[in-house]
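Please keep the sequence and the structure in view while reading.

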Amino acid sequence: MAHVLLDNASVELAVYNARGRALKSEILRRTVGGGLQNDRDRSVQVVKALDRVSFEARDGDRIGLVGGNGAGKTSLLRVLSRVYPPTSGRVSIQGRVSALFDLSMGMDVDASGYDNIRMRSIMLGCDYKQAEAIIPDVEEFSQLGEFLDLPIRTYSNGMLLRLAFAVSTAVHPDILILDEIIGVGDAEFAERAEKRLHAMIEKASIMFLASHKNDAIMSFCNRALWMKGGRLMIDGKPQDVLAAYAADAKGEGE
């Protein structure tokens with residue numbers, strides 16, 4: 001059974017030769033969340049992307065992440081995806097994880113569509129036999145036909161998105177991680193993609209969704225986490241968390 005536990009988990013990122021580059025530092029801070037801290041080495045700045053975050057997720061949890069830009073939502077998604085290890089505290093993740101916030105991760109532009117299906121599938125936790133087994137499903141859903149024999153550098157952006165989405169959603173994870181609800185391709189493909197994504201959400205044991213859209217949080221989630229400055233502010237029912245977040249944002253705007 002899938003299970004996620006964060007116990008006072010913090011993530012600090014060292015940025016070298018960044019001192020004095022105000023614009024670069026500000027962009028980085030807004031991207032990863034948290035705040036910048038001076039290190040003893042003045043050529044180094046430390047970004048505290050997550051600050052002592054603790055929560056637990058069990059089977060059936062559908063968890064929305066809310067907060068402004070730079071709140072730490074993306075950093076938390078990367079911890080949950082095992083991209084960022086904690087620099088302090090503890091993170092325990094049980095179950096196969098599929099992260100859909102970077103669909104083309106692990107793809108090689110010089111390799112064929114078929115080879116990229118295999119590589120991306122293995123990155124998502126499949127062994128070679130399982131990667132081979134999902135090829136017919138990707139063929140049918142992507143509808144790329146003979147293009148799958150060609151290097152993906154020959155694909156249009158729309159074709160690449162079709163392939164990446166088809167592969168990423170062909171693997172059924174225990175823990176599904178989303179950064180916004182994905183919309184891809186033309187109207188016909190987008191409709192099929194939405195149905196496929198909803199089915200994937202239903203099958204997942206645990207889901208995390210980071211979104212700026214309140215209706216998406218309310219529709220898909222039974223629980224929400226409000227992140228601010230790399231910290232977890234509130235963990236509760238979506239309507240309560242969204243109300244607290246909105247009140248805080250209003251107070252800061254006054």
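How many bridges join strand 9 to strand 10, and do these strands run parallel or antiparallel? In this predicted model, strand 9 (residues 223-228) and strand 10 run antiparallel and are joined by five bridges.

- Six strands make up an open sheet with mixed pairing, in the order 6-7-8-4-9-10.
- Strand 6 (97-99) and strand 10 (231-236) each have a single partner strand and stand at the edges, so one side of each is left without a neighbour in the sheet.
- On average, and with direction ignored, neighbouring strands of this sheet are turned by 15 degrees against each other.

**Strand pairs and the packed helix**
- Strand 9 and strand 10 form a hairpin with two residues between them, and Gly229 in the turn has a positive phi of about 60 degrees; Met227 stands opposite Leu232 in strand 10.
- Strand 4 (residues 62-66) pairs with strand 8 (residues 206-210) in the parallel sense over four bridges, and Arg62 stands opposite Met207 in strand 8.
- Helix 7 (residues 187-203) packs on the sheet, where it touches strand 4, strand 6, strand 7 (175-179) and strand 8, and its direction makes about 135 degrees with that of strand 7.

**The largest pocket**
- The largest pocket holds about 250 Å³ of space, and of the 13 residues that line it, Ser81, Val97, Ala99, Met123 and Leu124 are the closest to its centre.
- Strand 6 and helix 3 (113-123) are the elements that give two or more residues to this lining.
- The lining residues divide into seven nonpolar, two polar and four charged, and at least three are drawn from each of domain 1 (3-95 + 211-253) and domain 2 (100-204).

Key
Residues are numbered from 1 along each chain as its sequence is written. This is a predicted model: local features need pLDDT of at least 70, side-chain atom pairs count only at pLDDT 80 or more; totals for chains, interfaces and linings use all residues. Side-chain values use heavy atoms; hydrogens and water are left out. Two strands pair if DSSP finds at least two bridges between them. Axes are lines fitted to C-alpha atoms, for helices over the stretch in contact, and angles run from 0 to 180 degrees between N-to-C directions. Contact means heavy atoms within 4.5 Å. On a 1 Å grid over the protein atoms alone, a cavity is a set of points where a 1.4 Å probe fits but cannot get out, and a pocket is an open set with protein on both sides within 12 Å along at least five of seven lines; lining residues have an atom within 4 Å of a point. Grid points are joined across faces, edges and corners, and a volume is the space filled by probe spheres set on the points. Ala, Val, Leu, Ile, Met, Phe, Trp, Tyr, Cys and Pro count as nonpolar, Asp, Glu, Lys and Arg as charged, and the others, Gly among them, as polar. Domain bounds come from an automatic or database domain assignment.
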